[in-house]
Amino acid sequence: MSHLPVTETLFLPFHRTSVGEEEARAVLDVLQSGWLTSGPKVKEFETEFARFIGAAHAVAVNSCTAALHLALAACGVEEGDEVIVPTMTFAATGEVVQYFKCKPILVDCKKESFHIDPEQIDRAITSRTRAIVPVHFAGFPCEMDAIVDIAKKQKVRVIEDAAHSFPASYNGRMIGTIGDLTCFSFYATKSITTGEGGMVTTENPEFADRMRILSLHGISKDAWTRYAANGAWRYDILEMGFKDNLTDLQAALGLAQLEKAELFRKRRAAIARLYSLSLASFDGFLPPPEPDNSCHAWHLYVVRVDPSCLTIGRDQVIEELKARRIGTSVHFIPLHLHSLYQKRLGYRTGQFPHAEQHFANAISLPLFPDMTREEIDRVIAALQEIAVTYRR
Ligand SMILES: Cc1ncc(COP(=O)(O)O)c(C=O)c1O
């Protein structure tokens, strides 16, 4: 018998972007300025973002994928090197390693969390390892002290995938100031957005210079420097680069969002708290862990279906929520379960049991700053109803 209710309720999406008049005005100003591509707004966005984080350098690019790619290039990754990547991540983290004809060396999660296990990182390091790429899953920082210790001992670089973790901190230090390089995403669903966009922060001026050059065809001067009133037209192609630059239109949007970043974070944290308090009052779903030494960015709120309490699994819970007009997502299908990783790189199902276990039960609930109290209560009520209906 189906318990799916028929409803006319409005669809509650997994994500709704929070942009207002400020963003519209900022973008319009750029449209009317006569300069749309990378120029003064991008420089201002880099300066303000670096100031917010407390980083020495910030390089704006058109995605976190580009940021990760350039960060690996800055570290001198070459064909045949190995880069350690968690299997519990998005396509981008593993893909960029393969751009260099390198093998991503996948590592399992910890048993109790979605985070990369430092002990397994240590075991995965070989003489070919060049870098470790921890992912601050959902916005909850990884165990950076342990990871940085391993990296220092083994003389490898740490490139943090902080696509989910702006703004966040670990032991009082902002994410973006700990590893050799940190990569952020401003994709449409992220904590601040430029539609598409990314940023790399680093304390190393040589890394920053190299990434700036590589992000625009490997040429010695950007267009703004060439076309400005006091600019000079001549340029040199120093090395083979890419077209990874952010535009002034996007940077203006980013600057307006940056102003609201702390407000957005507080709102996300408040919604997460409401979810966790409610989930603790009935059986069926395990709330995500909360850090005690970190500030969580709460990009995602990932609950786990508790199979010891429910007669249905994750997929069916998602269908039940969908029937109640509630959108969800799943983060992530571990990399080693995908065709590319099995057919080309030889990974197999069963190889990383903790990641598989987490994935099997994970559901990302709607979480965005403009969620109303009514919308939050709808999600909680739906989960409670499902828990009661399908109690084991
Ligand atoms: C963990 C992780 N890394 C990298 C990325 C890539 O970000 P972007 O879409 O900005 O390239 C994503 C995107 O969702 C992500 O979740």
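1. A residue is taken to be near a molecule if one of its heavy atoms lies within 4 Å of it. In this predicted model, the ligand has 16 residues around it, and those that come nearest are Thr-65, Asp-161, His-164, Ser-185 and Lys-190.

2. The side chain of Thr-65 places an N or O atom 2.5 Å from an oxygen atom of the ligand, while for Cys-64 a backbone N or O atom lies 2.9 Å from a ligand oxygen. On the part of His-164, a polar side-chain atom lies 2.8 Å from an oxygen atom of the ligand. Taken alone the ligand would expose 390 Å², of which the protein buries 92%.

3. As to the overall fold, the chain contains 14 helices and 13 strands. Its radius of gyration is 22 Å, close to the 21 Å given by the globule rule for 392 residues, so the chain is as compact as a globular protein of that length. The C-alpha trace spans about 75 × 55 × 40 Å along its principal axes.

4. The antiparallel pairing of β10 with β12 (residues 301-305) runs over two bridges, and Leu-286 stands opposite Arg-304 of β12.

5. The peptide bond from Phe-166 to Pro-167 is cis, with omega near -10 degrees, and Pro-167 has its place in the loop between β5 (157-161) and β6 (169-170). A cis peptide bond also leads from His-331 to Phe-332, again with omega near -10 degrees; Phe-332 lies in the loop between α11 and α12 (339-344).

6. Which residue has a positive phi although it is not a glycine? The residue is Asn-171, with a phi of about 50 degrees, and it is found in the loop between β6 and β7 (173-174).

Definitions and conventions: Residues are numbered from 1 along each chain as its sequence is written. This is a predicted model: local features need pLDDT of at least 70, side-chain atom pairs count only at pLDDT 80 or more; totals for chains, interfaces and linings use all residues. Side-chain values use heavy atoms; hydrogens and water are left out. Two strands pair if DSSP finds at least two bridges between them. Helices (H or I, at least four residues) and strands (E, at least two) are DSSP runs, numbered from the N terminus. A polar contact is a pair of N or O atoms within 3.5 Å; within protein, one must be able to donate a hydrogen and the other to accept it, and residues adjacent in sequence count only if both atoms are side-chain atoms. Accessible areas come from the Shrake-Rupley method with a 1.4 Å probe; for residues, only the protein chains shown count as cover. The radius of gyration is taken over C-alpha atoms; the globule rule is 2.2 Å times the number of residues to the power 0.38.
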